[in-house]
Amino acid sequence: MKHTSRTGLFRRIVRRALLIVGAIHALVVGVLLTGDHLAKRRRQHRAGFPRPGTFQSDVAGNDVTVYTYGEDLYRDMLAAIKGARSRVLLETYLWKSDRVGEEFRAALNDAAARGVEVFVSYDVFGNLVVKPSFYRFHPAVNVFRFPPLHPSLVLSPVRAAGLTHRKLLVVDDEIAFVGGYNIGSLYATEWRDTHVRLQGSAAFELTHAFARVWNSWAPKRLPRVTTASRPSWQAPIRAINNIPSDIVYPIRAVYLDAISRAQSHIYLTTAYFIPDRQILDELIEAARRGVDVRIIVPEESNHIIADWLSRGFYTTLLRASITLLLYRGAMVHAKTATIDGRWAVVGTPNIDRLSLAFNYETILEVQDDTFAQHLEQIFEIDSANCRPVTAKAWAKRHPAARFAESVLVPLRPFL
């Protein structure tokens, strides 16, 4: 009887402790969200952030363009769709029902009306705030609304996980775009992001990336997306894809391998920096062997909880002499990295668990000195618009901030 009563008492204590911890988490999250909402109402819009420009290079016979301003990118994306002769493939996470969103919808509908084969995929969960009536297309457009819950969830919950966080456009298998830009007027002028256009045989990389997901998940009533053979075994441009339905997440391994090879410097820009233990350790190890590690993140992003989770890593990073740069005046949403001026990536994933171990994502890995140098130029310009975080100043932050950071630690695996 004593053993039973002790067991019951222990269970009650555990339940109460869990309730208290949960209440503390809920309170902290609620306070942060409320404070952020009030701050945004008082905050004046600032659109004067630097525009690094557009950069062009030739990589193995491919014309490669890097975009850093949304209006420039959207102009060329729309021109490519309007000039399409045979096929358009579009996949996006967010697609707003504003002026820019309507321009893309109209261009796709017009392409289908003139006989171009059009495939469109967008994430349902990411666009819950958009009226479904906005996504009305020409009858000839093949539309796959990527569901938050797949029918296979019951039989294989792991394979059914993941949202499509990708932003891909391929036209006539000759012109292809990938990067951080979603579709919307906000992103055209108010966010700092990075996207890449490929013209040439390397466009195959993104055709294959699109087809791999479409052909696996789109309803059988829709046509399949055909692809040609890969053009080269030694291509300096490769698309690396996270495919949750195959339980394949190679992007994280690509980052880890590249960081472990760094000899001179690592320049990383990400919208949300919530690394797992191994990525954090690799960055710290690189800094310890003398590599100049610099990371740009938003001073204030569009997700306040992600900001606070990221801040929980600052002390560890600063102790390792890693440079932290907070981008001011706009949301920096770019997902780029360069190492030693030779290796670079531009793509859709952030440095967090959602991107690296849950969502459908794509990066373009490029091994070319000129391309890497262009990204480093962009990083330098962005750095000039950042506020560096010093260990001395960070140690003086308010005790309430330290408390919030510690309380939010258990949420790291979920973001």
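User: How do the axes of helix H6 and helix H7 cross, and is the pair roughly parallel or roughly antiparallel?
Analyst: This is a predicted model. In it, the axes of H6 (residues 250-261) and H7 (residues 277-288) come within 9 Å. They cross at roughly 15°. Angles under 35 degrees count as roughly parallel. That makes H6, relative to H7, roughly parallel.

User: Which residues of H7 does H6 meet?
Analyst: H6 passes H7 in a left-handed crossing. From H6, the contact uses Arg252, Leu256, Ile259 and Ser260. On the H7 side, their partners are Gln278, Ile279, Glu282, Leu283 and Ala286.

User: By class, what residues make up the contact of H6 with H7?
Analyst: Leu256 and Ile259 of H6 take part, as do Ile279, Leu283 and Ala286 of H7. Arg252 and Glu282 are in the contact too. By class, the count is five nonpolar, two polar and two charged residues.

User: How do the axes of helix H2 and helix H3 lie, roughly parallel or roughly antiparallel?
Analyst: H2 covers residues 70-82 and H3 covers residues 99-113. Their axes come within 9 Å and cross at roughly 15°. H2 passes H3 in a left-handed crossing. The two helices are therefore roughly parallel.

User: What classes of residue build the contact of H2 with H3?
Analyst: H2 brings Tyr74, Met77, Leu78, Ile81 and Lys82. H3 answers with Val100, Glu103, Phe104, Ala107, Leu108 and Ala111. By class, that contact divides into nine nonpolar, no polar and two charged residues.

User: In S17, what is the bridge partner of Gly347?
Analyst: Strand S16 spans residues 343-347, and strand S17 spans residues 361-367. The two pair in the antiparallel sense over five bridges. In S17, the bridge partner of Gly347 is Ile363.

User: Is Val178 buried or exposed?
Analyst: Val178 lies in strand S7 (residues 175-179). It touches residues including Leu168, His195, Leu206, Val346 and Leu364. Buried means under 20% relative accessible area. At 0% relative accessibility, Val178 counts as buried.

User: How far apart in space are Val178 and Leu168?
Analyst: In sequence, the two are 10 residues apart. Leu168 is among the residues that Val178 touches. C-alpha to C-alpha, the distance is 4.9 Å.

User: Of the 415 residues of the protein, what percentage count as buried?
Analyst: The protein has 13 helices and 18 strands. Among contacts between residues at least 6 apart in sequence, 78% join residues at least 24 apart. Of the 415 residues, the buried share is 53%.

Note on methods. Residues numbered from 1 in each chain as written. Predicted model: local features only at pLDDT ≥ 70, side-chain atom pairs only at ≥ 80, totals over all residues. Heavy atoms only, no water. Axes fitted to C-alpha atoms, helices over the stretch in contact; angles between N-to-C directions. Helix = DSSP H or I, 4+ residues; strand = E, 2+ residues; numbered from the N terminus. Parallel < 35°, antiparallel > 145°, perpendicular 65-115°, else oblique. Left-handed = near helix turned anticlockwise from the far one by under 90°. Contact = heavy atoms within 4.5 Å. Nonpolar A, V, L, I, M, F, W, Y, C, P; charged D, E, K, R; others polar. Pairing = 2+ DSSP bridges. Buried < 20%, exposed > 50% of the residue type's maximum accessible area, 1.4 Å probe, protein only. Lists of a residue's contacts leave out its neighbours within four places in sequence.
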